[in-house]
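Work through the exercises below with the sequence and the model at hand. Each task is followed by its solution.

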Protein chains: 2
Amino acid sequence: MPVTSPARPTARVAAHIAAVQTPIIPTVGELIRAHPGTISLGQGVVHYPPPPEALGRLSEALAVPERHRYAHVAGLPALLERIRHKLADENGIAVGDEQAVVVTAGGNMAFLQAVLALVEPGDEVILPTPYYFNHEMAVGIAGGRAVLVPTDETSYQPSVEAIRAALSERTRAVVTVSPNNPTGAVYDEGTLRAINALCRAHGVMHIHDAAYEYFTYDGHRAFSPGSIEGAAGHTLSLFSLSKAYGMAAWRIGYMALPAALLPAVKKIQDTNLICAPVPGQVAALGAMEVGAAYTQRFLPALAEVRRLVIEALATLGDRVAVAPARGAFYVFARVRTDLDDLTLVRRLIAEHRVAVIPGSTFGVRDGCSLRIAYGALRRDTVAEAMERLVRGLEAILRG
Amino acid sequence: MPVTSPARPTARVAAHIAAVQTPIIPTVGELIRAHPGTISLGQGVVHYPPPPEALGRLSEALAVPERHRYAHVAGLPALLERIRHKLADENGIAVGDEQAVVVTAGGNMAFLQAVLALVEPGDEVILPTPYYFNHEMAVGIAGGRAVLVPTDETSYQPSVEAIRAALSERTRAVVTVSPNNPTGAVYDEGTLRAINALCRAHGVMHIHDAAYEYFTYDGHRAFSPGSIEGAAGHTLSLFSLSKAYGMAAWRIGYMALPAALLPAVKKIQDTNLICAPVPGQVAALGAMEVGAAYTQRFLPALAEVRRLVIEALATLGDRVAVAPARGAFYVFARVRTDLDDLTLVRRLIAEHRVAVIPGSTFGVRDGCSLRIAYGALRRDTVAEAMERLVRGLEAILRG
């Protein structure tokens with residue numbers, strides 16, 4: 001065809017990508033850098049480093065030429081074997097004929113690749129709200145439609161009936177995150193069983209994100225829907241080492257998925273990543289050999305930080321409503337104000353040097369809410385952080 | 001809606017994903033494992049390890065707590081700065097108002113994320129054939145249509161006229177790879193300039209993959225279309241450390257892209273990866289401080305291996321046609337036989353213990369062709385490898 005003047009801008013972004021929300025973490029990060037000395041209750045990170053055993057495994061591996069080359073698309077055999085044992089022992093998930101494992105560069109990638117494998121343009125994925133923002137973005141990137149179903153306003157538990165009502169002929173998956181980001185809710189076993197049964201009956205996938213599985217308090221435990229009898233064919237379980245082992249920089253996560261989806265996910269991972277970064281996989285093996293005991297070492301201190309966060313917020317009385325947060329390291333606070341949440345966040349950073357994440361990022365647009373992340377705090381920093389937040393909210397809400 | 005029996009299988013893969021070709025490298029890898037002692041001329045890898053300076057940088061970084069946490073979505077500032085200098089000095093690409101840089105977990109991811117940002121379902125991307133298989137897969141994963149345009153049969157240079165004729169209202173990008181995988185062709189500067197001008201005139205992106213930029217022989221040099229005046233707004237340039245620095249396992253690549261696409265690519269990378277693996281980024285900084293001199297140290301030996309490969313193939317006379325391969329570490333051979341290429345590859349592995357990749361993987365379906373990768377060979381292994389390949393082809397073609 002003849003060369004013509006372009007009728008549209010060359011750098012035009014695909015419409016469904018342009019419609020995806022701009023990630024908020026970098027935006028808040030830029031505000032923090034613009035206001036030096038700000039304490040961040042923003043990004044979901046832990047304060048502790050990876051176990052020494054992870055780095056030990058790594059320094060052994062660096063001397064092996066093979067470890068600088070591509071690995072198998074699904075992961076290093078030794079790591080896959082370790083994960084299989086962990087899934088059997090801790091989660092009750094049997095990897096074998098019906099379920100397979102893929103190691104990814106983080107839990108986000110596991111989710112995106114699963115959604116890319118399942119979703120055709122216009123297909124629907126049900127997300128309870130508040131949602132984890134990258135889940136909603138992933139559905140948009142795949143050309144799908146996120147169908148938002150509110151959780152209970154006081155407990156943030158999902159409603160099986162509301163999810164059932166949201167199912168349509170276009171539904172491809174229902175997503176649950178427990179312990180939850182951003183609310184800290186630990187979903188009831190009964191609720192997860194009912195959602196999983198609903199998915200099975202309706203022929204849709206149940207994607208369960210367990211990135212925070214080890215982070216529970218007051219005797220609560222996270223339940224794995226992948227352990228339910230008959231769940232293997234329609235359940236994807238996502239895990240991450242970023243939080244549990246202080247390995248966010250290393251980008252290692254994994255998923256247990258129906259074996260029928262494995263060929264599709266392998267195609268996508270081959271095209272996206274080829275294989276998960278091998279140094280990270282080697283470190284992950286070292287970390288998982290230490291196991292959950294490593295995370296548990298830090299949990300009493302984190303539980304104490306959590307108690308202090310909740311106590312500090314309680315001093316604000318009915319100006320702030322906080323739901324029981326029995327897991328992860330987040331508190332989701334509804335604030336009684338006419339201010340919009342991003343304005344409130346900007347003022348907290350600029351005027352009080354404390355950063356949190358606005359609730360609208362998580363799909364909560366009625367009223368003003370905030371996610372407070374306390375995983376990076378310790379006993380010696382929590383007092384100052386919460387004093388800034390409480391005094392900041394008092395000052396701004398009074399104004 | 002009422003719970004009904006699923007009308008379709010729950011683990012149904014999206015139709016456009018099911019249509020994506022199954023990656024061949026893992027398949028050939030399984031054949032190799034099934035036939036111990038096989039010499040692989042399959043996967044594109046180099047035989048040398050990363051520079052010691054890369055590992056030195058890494059061991060410093062492991063002691064810094066910050067280096068175990070998430071990094072900025074586009075990359076570590078120090079690495080981005082080093083890349084900007086390299087792009088200016090070596091490629092003539094100016095990063096600034098018009099072009100931005102994003103560090104990814106490998107060059108494949110840079111390509112996939114660019115295509116996801118640009119392509120709406122049904123949009124077209126022009127790929128000269130033979131294509132790099134993951135490029136064609138990426139277009140399919142994004143729901144686009146790969147429009148295949150044959151290169152010259154003897155030189156594997158792309159035809160500007162053929163690309164012009166393939167442009168349509170749905171075209172979003174033209175892809176070039178030079179030095180080329182799988183043919184080893186180094187595209188002429190004039191051809192790349194003409195393709196870039198065509199893209200500019202037609203309002204489509206020119207995506208240029210320069211993963212093998214340092215691998216050229218006999219005085220040939222790779223040209224960077226990103227250096228062309230006026231190219232900044234419509235040119236993406238992709239680079240990889242996997243080959244140049246023997247760092248395939250580390251998963252580090254980067255792209256220079258029009259600034260107007262940066263917000264979209266950051267959204268996708270945040271959802272896919274959050275940030276490139278930090279240990280790899282730190283090692284990459286150490287490697288790039290050594291720079292191209294590291295790769296050049298291995299080039300004389302690689303050039304000698306290449307000479308021996310081409311000489312060995314020449315002994316087959318007109319049974320095998322090999323094009324001038326002036327770059328990368330691939331030779332693309334057309335074989336005169338009625339066998340299909342996958343059968344030939346299977347027999348070479350099973351009967352002669354030498355592995356190559358079938359040409360159909362690269363979109364070449366007329367006749368029988370093979371890609372021979374010699375980057376992993378050294379002077380002491382090339383003789384045995386080529387003897388097996390030449391004797392194997394002689395025996396099979398005779399049969």
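The model is predicted: local features need pLDDT of at least 70, side-chain atom pairs count only at pLDDT 80 or more, and totals for chains, interfaces and linings use all residues. Residues are numbered from 1 along each chain as its sequence is written, and chains are lettered from A in the order in which they are written.

**Exercise 1.** Find the domains of chain A and describe the side of domain 1 that touches domain 2.

Step 1. Domain 1 of chain A covers 15–49 + 293–398 and domain 2 covers 52–292; such bounds come from an automatic or database domain assignment.

Step 2. Count contacts (C-beta atoms, placed from the backbone, within 7 Å): 34 residues of domain 1 of chain A meet 38 residues of domain 2 of chain A.

Step 3. On the domain 1 side, H11(A) gives the largest share, 6 residues; helices (H or I, at least four residues) and strands (E, at least two) are DSSP runs, numbered from the N terminus.

**Exercise 2.** How many residues of chain A are in contact with chain B, and which element gives the largest share?

Step 1. In chain A, 78 residues are in contact with 78 residues of chain B.

Step 2. The largest share on the chain A side, 7 residues, comes from H9(A).

**Exercise 3.** Which residues does A:Ala117 touch?

Step 1. Leave out residues up to four places away in sequence.

Step 2. Within chain A, the partners are A:Leu261, A:Ala264, A:Val265 and A:Ile268.

Step 3. From chain B come B:Val13, B:Ala14 and B:Ile17.

Methods: Two residues are in contact if their C-beta atoms, placed from the backbone, lie within 7 Å.
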